[in-house]
Amino acid sequence: MQKIVVLSGAGISAESGISTFRDNNGLWENHKIEEVATPEAWEMNRELVIKFYNLRRKQLLEVDPNPAHMALVKLEEKFDVQIITQNIDNLHERAGSSNILHLHGELNKVRSTLDPGLVYTMKDWELKIGDTCEKGSQLRPHIVWFGEEVPNISIAADMVKKADCLIVVGTSLNVYPAAGLIHEVRQNIPIFLIDPGNVDSGFLKEVKIIQANAGEGLTRLVNELLENNKK
Ligand code: APR
């Protein structure tokens, strides 16, 4: 079975109603990265950091996967599909995709500030100051903040190296090391990039650009790939 690796970013969840980061009115227009998404922010103002992620978590309860997430589930009918997502939402999971690797953490999880191996799935949206792990230390969002290591990056690189086809969807390719994953592909495999904007893909050889929203673009591409796989 051919292996298709999908690198997804905030744009795939945009049609579900979740803001992207760098578009007009994106999250980073309304919040300063250094105040909510860095280890320094956590040290300076935990309340603000916790509130920021609480709001994201609460919002996640109010939205659903969209046709783009569903198209990737359908792709599994004929392909071995591995999703590598920069997103912290759980919409790929809720759509029903089987293989999902989160690069930047997961919104519905928290972890110990003492022992990073102690990760807990939240039952509700609200994390509070004073919520502790079993060893008694404050819980923090299970998010990879700017300036932190990306623990899953080498696993992701290995996945991309084995891909027979790469689909990049809804990411501005601004943030490293995630953006660098596309350089790990083997030569001459098909690469598709779906985005309504103008992503700088000049460094990607032979990329087929589908300038469309994720829902429309992925639905079309998935149908084509499934159709061509019949022959
Ligand atoms: N369908 C597909 N793509 C879309 C849509 C849509 N409906 N709407 C917007 N986009 C595209 C934008 O054109 C842009 O190229 O999604 C991309 C979103 O880019 P960013 O906001 O930079 O998000 P992303 O690339 O996922 O950011 C990477 O940065 O802030 C950090 O940790 C955060 O994981 C995030 C990382």
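The legends below describe close-up views of a predicted model.

**View 1. The two domains of the predicted model.** The domain assignment divides the protein into domain 1, made of residues 1-17, 65-104 and 149-231, and domain 2, made of residues 19-62 and 107-143. Taken over C-alpha atoms, the centres of domain 1 and domain 2 are separated by 25 Å. The contact between them draws 13 residues from domain 1 and 10 residues from domain 2.

**View 2. The interface of domain 1 and domain 2.** Between them, domain 1 and domain 2 bury about 870 Å², and 62% of this area is on carbon and sulfur atoms. On the side of domain 1, the residues that lose the most area to domain 2 are Ala10, Ile88 and Asn90, which together account for 45% of what that side buries. Across this interface there are 0 salt bridges by the rule applied, while 3 residue pairs, both members at pLDDT 80 or more, are found in polar contact. Helix H1 (11-14) and helix H7 (91-95) each contribute at least two residues to the side of domain 1 that touches domain 2. Sorted by class, that side of domain 1 consists of 5 nonpolar, 6 polar and 2 charged residues.

**View 3. The salt bridge of glutamate 148 and arginine 140.** A search of the whole structure gives 9 salt bridges, and one of them joins the side chains of glutamate 148 and arginine 140, with 3.0 Å from N to O. Glutamate 148 counts as partly exposed, at 23% relative accessibility, whereas arginine 140 counts as buried because its relative accessibility is 8%, under the 20% limit for that class.

**View 4. A salt bridge between two loops, formed by arginine 186 and aspartate 164.** The closest N and O atoms of arginine 186 and aspartate 164 are 2.9 Å apart in this salt bridge. Arginine 186 lies in the loop between strand E7 (165-169) and strand E8 (191-194), and aspartate 164 lies in the loop between helix H8 (153-161) and E7, so the pair ties together parts that are 22 residues apart in sequence. Both partners are classed as partly exposed, arginine 186 with a relative accessibility of 39% and aspartate 164 with a relative accessible area of 25%.

View 5. The side chains of glutamate 216 and arginine 220 meet here, with 3.0 Å from N to O. Both residues belong to helix H9 (residues 214-228), where they stand 4 residues apart, about one turn of the helix. Glutamate 216 is partly exposed at 49% relative accessibility, and arginine 220 is likewise partly exposed, at 40%.

View 6. Tyrosine 176 and proline 177 are joined by a cis peptide bond, for which omega is about 10°, and proline 177 lies in the loop between E7 and E8. Asparagine 188 also lies in the loop between E7 and E8, and its phi is positive, at about 70°, although the residue is not a glycine. With a relative accessible area of 74%, asparagine 188 is exposed.

**View 7. Asparagine 25 in the loop between H1 and H2.** Asparagine 25 is found in the loop that lies between H1 and helix H2 (27-30). Although asparagine 25 is not a glycine, it has a positive phi of about 65°. At 52% relative accessibility, asparagine 25 counts as exposed, since that class takes residues over 50%.

Definitions and conventions: Residues are numbered from 1 along each chain as its sequence is written. Side-chain values use heavy atoms; hydrogens and water are left out. Domain bounds come from an automatic or database domain assignment. Contact means heavy atoms within 4.5 Å. Buried area is the accessible area (1.4 Å probe) that two parts lose on being put together, summed over both. A salt bridge is a side-chain nitrogen of Lys or Arg within 4 Å of a carboxyl oxygen of Asp or Glu. A polar contact is a pair of N or O atoms within 3.5 Å; within protein, one must be able to donate a hydrogen and the other to accept it, and residues adjacent in sequence count only if both atoms are side-chain atoms. Ala, Val, Leu, Ile, Met, Phe, Trp, Tyr, Cys and Pro count as nonpolar, Asp, Glu, Lys and Arg as charged, and the others, Gly among them, as polar. Buried means under 20% relative accessible area, exposed over 50%, partly exposed in between (1.4 Å probe, protein chains only).
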